[in-house]
Amino acid sequence: MLKMSDLTVSADDKIILNNLNLDINDGEIHVLMGQNGTGKSTLSKVLMAHPDYKILKGNIIYNDNVLNNLDTTSISRLGFFLLSQNPVEIEGITNSEMLRNVLSEINNEKVDIFKFNKKLTEVCNIIDMPKEYVHRDINFNMSGGEKKKNELLHLFMLEPKFVILDEIDSGLDIDALKVVGTSLKKYYDLYKPSILIITHHADILKYFDDFKVHVLNNGSIVKSGNKDLIKIIEKIGFKANAINGNDINE
Ligand code: ADP
Ligand code: MG
């Protein structure tokens, strides 16, 4: 279980997350929504110990581990995976080289190339990505949509237990959205990870049966609910009083 309590975070001396509380049980899907600039990406990066952010108060606890002072490598080793809003391009290192190295690190043994290649082929089929892409430099010169799929390749190969998806659906055409949605559902059904989905759109959510929804405003969660909350948000928007912590007839 991931437990964030009273989490208060700054960057450049500006408070971005403010007394944020959020619990995510193993195997649960949570959706985080909110206007631009409310701190959604910040939350995703703080979970991965991005050095721009300083935790001023509160705790991030995952099972028996306090994450506050862990570095990104240690957090990844615990099974965390961030699919970033803007995936980085790494020129000079191919997907395949990176994945083989990381897998041999994780498992403490040399990767069986036959099994590795077999799985790469299976995953490329699932995510509808040409097999040649596994030999391309990580995200380098890929389109926005291709980068998202390329990150899904990493997800399937590394099998993380806690998945954070920061706007995986932005910039995807309808066909790509369908592939990404069905791939994620497949990943969820296979591995039952916890997933935190940050999104502005309900479209990606129709691939999931059950999830909890939270609205972030000014760095705090102001409203939580079940999937019905999505319909209310679509109808009245984030600015409405009802979303900002006041009474609401759900
Ligand atoms: P969202 O993802 O909800 O659109 P962000 O988390 O990206 O919002 O940003 C929240 C606020 O924090 C914005 O005002 C943004 O400019 C600011 N911010 C985010 N990261 C940094 C940073 N590294 N340094 C300074 N300000 C930042
Ligand atoms: Mg963002």
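**View 1. Residues around the largest pocket of the predicted model**. The largest pocket has a lining of 32 residues, and those nearest its centre are M48, T72, S76, F81 and L82. A pocket is an open set of points on a 1 Å grid over the protein atoms alone, where a 1.4 Å probe fits, with protein on both sides within 12 Å along at least five of seven lines; lining residues have an atom within 4 Å of a point. The space in this pocket comes to about 1,100 Å³, a volume being the space filled by probe spheres set on the points, which are joined across faces, edges and corners. At least two lining residues come from each of α1 (40–47), α2 (72–77), β6 (80–83), α3 and α5; helices (H or I, at least four residues) and strands (E, at least two) are DSSP runs, numbered from the N terminus. By class, the lining holds 13 nonpolar, 12 polar and seven charged residues (Ala, Val, Leu, Ile, Met, Phe, Trp, Tyr, Cys and Pro count as nonpolar, Asp, Glu, Lys and Arg as charged, and the others, Gly among them, as polar).

This is a predicted model, in which local features need pLDDT of at least 70 and side-chain atom pairs count only at pLDDT 80 or more, while totals for chains, interfaces and linings use all residues. Residues are numbered from 1 along each chain as its sequence is written, chains are lettered from A and ligands numbered from 1 in the order in which they are written, and side-chain values use heavy atoms, with hydrogens and water left out.

**View 2. Packing of α3 against α5**. The axes of helix α3 (residues 95–107) and helix α5 (residues 144–158) lie 10 Å apart at an angle of about 25° (axes are lines fitted to C-alpha atoms, for helices over the stretch in contact, and angles run from 0 to 180 degrees between N-to-C directions). α3 is therefore roughly parallel to α5 (angles under 35 degrees; over 145 is roughly antiparallel, 65 to 115 roughly perpendicular and the rest oblique). N95, M98, L99, V102, L103 and I106 of α3 meet N150, L153, H154, M157 and L158 of α5, where contact means heavy atoms within 4.5 Å.

**View 3. Packing of α5 against α6**. Helix α6 (residues 174–191) packs with α5 at about 10°, with the axes 11 Å apart. This makes α5 roughly parallel to α6. K149, L152, L155 and F156 of α5 form the contact with V179, V180, S183, L184, Y187 and Y191 of α6.

**View 4. Packing of α4 against α5**. Helix α4 (residues 113–126) and α5 have axes 10 Å apart, at an angle of about 135°. The two helices α4 and α5 are therefore oblique to each other.
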